[in-house]
Every structure is written in C-alpha cells, then in structure tokens.
Amino acid sequence: MLAISLLYVGAVLWVNGMMLLGRVSGKGAAPLNLFTGSITLIINIYIMLKAPSGDPLSYFTAATGLLFSFTYLYVAINNAFDLEGRGFGWYCFFVAVTALPTAVLTFQSGDFRFGVIWLLWAFLWFLFFLLLALEKPIAKFTAYVTLVEAVITCWVPGYMLLTGNW
C-alpha cells in the first residue's frame, strides 16, 4: 500500500510544483490533491482497521500516512475555494516538526533510505511553512524542491516498490 501512496503523492507533488511555477492553476491542481488525499486516507484508515489490537507500529504507520492525506485534502480545499494559505502553512510546520523524529525512528529501525526521505519531506513541509504561514518570497525555490522531491522521494521509490525492485 505504501507503493501506491508514494506513486500518487509523487504525481500530486509534481502538479503542485507546477502550480507554484504558475503552469497549473490552484483550481486545476485541486482535483488531483483531492484524489490523492482521498486514496491515502482510505489506505491509512484500512491500515488502522486491520491493525492487530495493541500494535503501535501499525497505528504509527497510519498516523504518519495521514499527515499526507490531510496535506493534500487541505490543499484541495484551499485551492477549490480560493482560501488563503496561512492555516495550511502552520499545519505544514506541525508536520515538518513531526517528520523529524519520524526520520530518527526510521534511521534507528535500520531503514536508511526512508530515514533520508523523511528528512527531505520535513524540509519540504518546512518550506511550505515559510512560504505560506510566514509569507517568505520563496515560491520558485519551493517549486523546484517540490519537483525534485516528487521524483526522488515518491515516484521513484513508489515505482520501485510496485515493481519489486526496492
């Protein structure tokens, strides 16, 4: 299920990067954000429902996965209704801070690749905090980081996991 989530998160990050570069409108990006947020929401609810009783790892996996679900649902709603982004920016700060210890725990579990990926995601969410909550003029830089992370942290790992080559 992780592979499916990563594939679609890669797609939505790509579209959102293009949105930041002005090549896609906010309303044009809203549907893919809605679809991606919804599919990851369903996947993470499924993980929670199938988790063995008292299995904290399954709940942790679902909880961290929901960070993505709510990210893209938030973007979809903001873009569809032309809402301002400061609230989403502060959510991104919360997620960036949450992603840091998640990276540490991932490294401690012996998964170096996803430890690095969690650090990269923390950086990206932090950029969105700076851009949206603090209104720093870093849209172009954030767009290019988003595009790079779409490929190296989501699309490539997701595709490799789907094909059994991870």
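Guide: Start with a definition: helices are DSSP runs of H or I with at least four residues, and strands are runs of E with at least two. Note too that this is a predicted model.

Visitor: What pattern does the protein chain follow along the sequence?

Guide: The pattern reads α-α-α-α-α-α. The chain has six helices and zero strands.

Visitor: What makes the protein chain as compact as a globular protein of that length?

Guide: Its radius of gyration is 15 Å, and the globule rule gives 15 Å for 166 residues. The two values are close, so the chain is as compact as a globular protein of that length. Along its principal axes, the C-alpha trace spans about 40 × 30 × 25 Å.

Visitor: How much of the protein chain counts as buried?

Guide: Of the 166 residues, 45% do. The accessible surface comes to about 8700 Å², and 73% of that belongs to carbon and sulfur atoms.

Visitor: Why is Thr102 called buried?

Guide: The cut-off is under 20% relative accessible area. Thr102 has 4%, so it is buried. Thr102 sits in helix α4, residues 86-108.

Visitor: Which residues is Thr102 in contact with, leaving aside neighbours within four places in sequence?

Guide: Phe60, Thr64 and Trp118. Contact means heavy atoms within 4.5 Å.

Visitor: What share of contacts between residues at least 6 apart in sequence join residues at least 24 apart?

Guide: In this chain, 66%.

Visitor: And where do the charges lie on average?

Guide: The mean positions of the 7 positive and 6 negative charges are 7 Å apart.

Technical notes:
Residues are numbered from 1 along each chain as its sequence is written. This is a predicted model: local features need pLDDT of at least 70, side-chain atom pairs count only at pLDDT 80 or more; totals for chains, interfaces and linings use all residues. Side-chain values use heavy atoms; hydrogens and water are left out. Buried means under 20% relative accessible area, exposed over 50%, partly exposed in between (1.4 Å probe, protein chains only). The radius of gyration is taken over C-alpha atoms; the globule rule is 2.2 Å times the number of residues to the power 0.38. Accessible areas come from the Shrake-Rupley method with a 1.4 Å probe; for residues, only the protein chains shown count as cover. Lys and Arg count as positive and Asp and Glu as negative; His and the chain ends are not counted. The place of a charge is taken as NZ of Lys, CZ of Arg, CG of Asp or CD of Glu.
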